[in-house]
Amino acid sequence: MIPVRCFSCGKVISAYFDEYQKRTADGEDPKKVLDDLGITKYCCRRMFITHVEVW
Amino acid sequence: MEITIKNKDDNMMVFVVEGVDIPFINAIRRICTVEVPTLAIEDVDIYKNDAKIFDEALAHRLGLIPIKTDLDSMVLASECDCEDHCPRCSVSLLLKEKGPKIVYSKDLKSQDPNLKPVHDTIPIMKLREGEEVELEAKAQLGIGLEHAKWQPTTSCAYRYYPQITVDTEKCEACAKCVEECPRGILEFDEKENRVIVSDLENCSMCRTCVKGCESNAITVEGQEGKFIFKIETDGSLPPEEVLARACDILSKKTDQIIEFCG
């Protein structure tokens with residue numbers, strides 16, 4: 001499961017993860033989705049990009 | 001002291017302060033992050049947990065969920081006169097779910113409808129077919145000095161207000177600095193044949209333009225006593241309230257020193 005908050009700054013990123021996953025699965029560009037969701041800092045963006053949902 | 005708000009939304013604010021010194025602005029920053037109280041889950045009674053996630057990992061995830069806070073109606077647990085928990089110092093949140101499903105923060109049922117998780121869509125745990133979870137979580141006020149889950153702010157920082165000066169006598173109008181700037185802050189005015197600063201507040205003071213200038217005509221420095229302050233909260237409190245509370249706490253501290261001296 002995705003961590004509740006960003007490791008570096010503490011922003012609650014998990015609240016946006018479902019939408020991110022759904023939209024990227026539909027073929028949208030991750031960059032565009034993150035901009036849309038208001039995830040602007042690079043520490044928070046790597047939380048989404050590098051996450052692998054294993055179970 | 002002069003304050004101008006540059007950018008603001010529900011849980012973020014950027015403003016420029018002028019006429020203050022570093023010790024003062026840094027005191028405000030530190031109090032904002034670490035001494036303004038906020039609500040977070042502290043005790044969790046787990047009655048049943050069949051899921052793959054361990055109890056302590058589950059409790060840890062619960063602790064990180066920000067909860068809307070009303071500082072006027074609550075007191076810190078250490079200052080409350082009750083023995084264990086009471087509505088004045090804590091809020092109970094109940095969770096009872098049965099799989100298969102993903103449990104979200106909206107499934108936490110709060111005793112007090114005003115003090116509930118800020119976000120509805122934080123995934124807490126996954127339940128498979130037939131698995132059940134039942135728990136009671138108690139949220140308390142606390143401060144960031146004790147645990148980071150009680151920090152009301154996420155990023156809270158200030159930086160010098162930049163000042164870029166181009167010496168027109170030395171400048172050879174080669175426009176190399178315009179190319180060098182990674183943020184596109186400088187522009188070259190073809191008509192007047194000189195470099196102009198178009199977006200000063202976005203300057204990160206990296207000084208790449210200074211290194212690129214062969215005639216040493218450009219200087220970048222921070223203005224003394226002028227800062228750009230950014231405060232972002234986790235949603236439990238609005239940024240204005242965090243700042244106002246921080247100022248109250250600072251003035252209370254100074255009052256204590258005055259009292260001690262007098």
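Predicted model: local features only at pLDDT ≥ 70, side-chain atom pairs only at ≥ 80, totals over all residues.
1. Start with the overall layout.

2. **The largest core.** Nonpolar side chains tend to be buried together in soluble globular proteins. Here the largest nonpolar core holds 48 residues. The residues with the most contacts inside this core are B:Cys32, B:Leu39, B:Leu58, B:Leu62, B:Met125 and B:Ile231. Both domain 1 and domain 2 of chain B give residues to this core, so it lies between them. Take B:Leu62 as an example. Setting aside neighbours within four places in sequence, B:Leu62 is in contact with B:Ile41, B:Val44, B:Leu108, B:Ile124 and B:Leu135.

3. **A second core.** There is also a separate core, made of 14 residues. Among them are A:Cys6, A:Tyr20, A:Ile39 and A:Met47.

4. **An aromatic pair in chain A.** Over all chains, the count of aromatic pairs is seven. One of the pairs to look at is A:Phe17 with A:Phe48. The ring centres of A:Phe17 and A:Phe48 are 6.3 Å apart and the planes are at 35°, so the pair is tilted. A:Phe17 belongs to helix α1 (residues 17–25) and A:Phe48 to helix α3 (residues 42–49) of chain A, so the pair ties together parts 31 residues apart in sequence.

5. B:Phe15 and B:Phe229 form a stacked pair. Their centres are 5.2 Å apart, with 10° between the planes. B:Phe15 lies in strand β2 (residues 12–18) and B:Phe229 in strand β12 (residues 218–233) of chain B, so this pair ties together parts that are 214 residues apart in sequence. B:Phe15 is buried, with a relative accessible area of 6%. For B:Phe229 the value is 0%, and B:Phe229 also counts as buried. Ring pairs extend the picture: B:Phe15, B:Tyr158, B:Tyr160, B:Phe227 and B:Phe229 are linked into a cluster.

6. **Charges over rings.** Two lysines of chain B deserve a look. B:Lys149 lies over the face of B:Trp150, 4.8 Å from the ring centre. The charged end of B:Lys226 sits over the ring of B:Tyr161, at 4.0 Å from its centre.

7. **The four-stranded sheet.** Chain B has an open sheet of four strands in the order β3-β8-β4-β6. The pairing is antiparallel. Which strands form the edges? They are β3 (38–49) and β6 (109–110) of chain B, each pairing on one side only. Inside the sheet, nine bridges join strand β4 (residues 90–98) to strand β8 (residues 132–142) of chain B. B:Ser92 has B:Lys138 in β8(B) as its bridge partner.

8. Strands β10 (residues 186–189) and β11 (residues 194–197) of chain B pair in the antiparallel sense over four bridges. B:Leu186 stands opposite B:Val197.

9. **B:Ile218 and its surroundings.** B:Ile218 lies in strand β12 of chain B. B:Ile218 is buried, with a relative accessible area of 5%. Leaving aside neighbours within four places in sequence, the contacts of B:Ile218 include B:Leu186, B:Cys177, B:Cys209 and B:Cys213. B:Lys170 is 48 residues from B:Ile218 in sequence, yet their C-alpha atoms are 8.8 Å apart.

10. **Backbone details.** B:Gly99 and B:Pro100 are joined by a cis peptide bond, with omega about 0°. B:Pro100 is in the loop between β4 and β5 (101–104) of chain B. Another loop of chain B, between β11 and α4 (208–212), holds B:Met205. Phi of B:Met205 is positive, near 55°. B:Arg207 is found in the loop between β11 and α4 as well. Phi of B:Arg207 is near 65°, again a positive value in a residue other than glycine. B:Arg207 is partly exposed, at 36% relative accessible area.

Terms used. Residues numbered from 1 in each chain as written. Chains lettered and ligands numbered in written order. Heavy atoms only, no water. Core = buried A, V, L, I, M, F, W, Y, C linked by side-chain atoms within 4.5 Å. Buried < 20%, exposed > 50% of the residue type's maximum accessible area, 1.4 Å probe, protein only. Domains from an automatic or database assignment. Contact = heavy atoms within 4.5 Å. Phe/Tyr/Trp six-rings, centres within 6.5 Å; stacked < 30°, edge-to-face > 60°. Helix = DSSP H or I, 4+ residues; strand = E, 2+ residues; numbered from the N terminus. Lys NZ or Arg CZ within 6 Å of the ring centre and 35° of its normal. Pairing = 2+ DSSP bridges.
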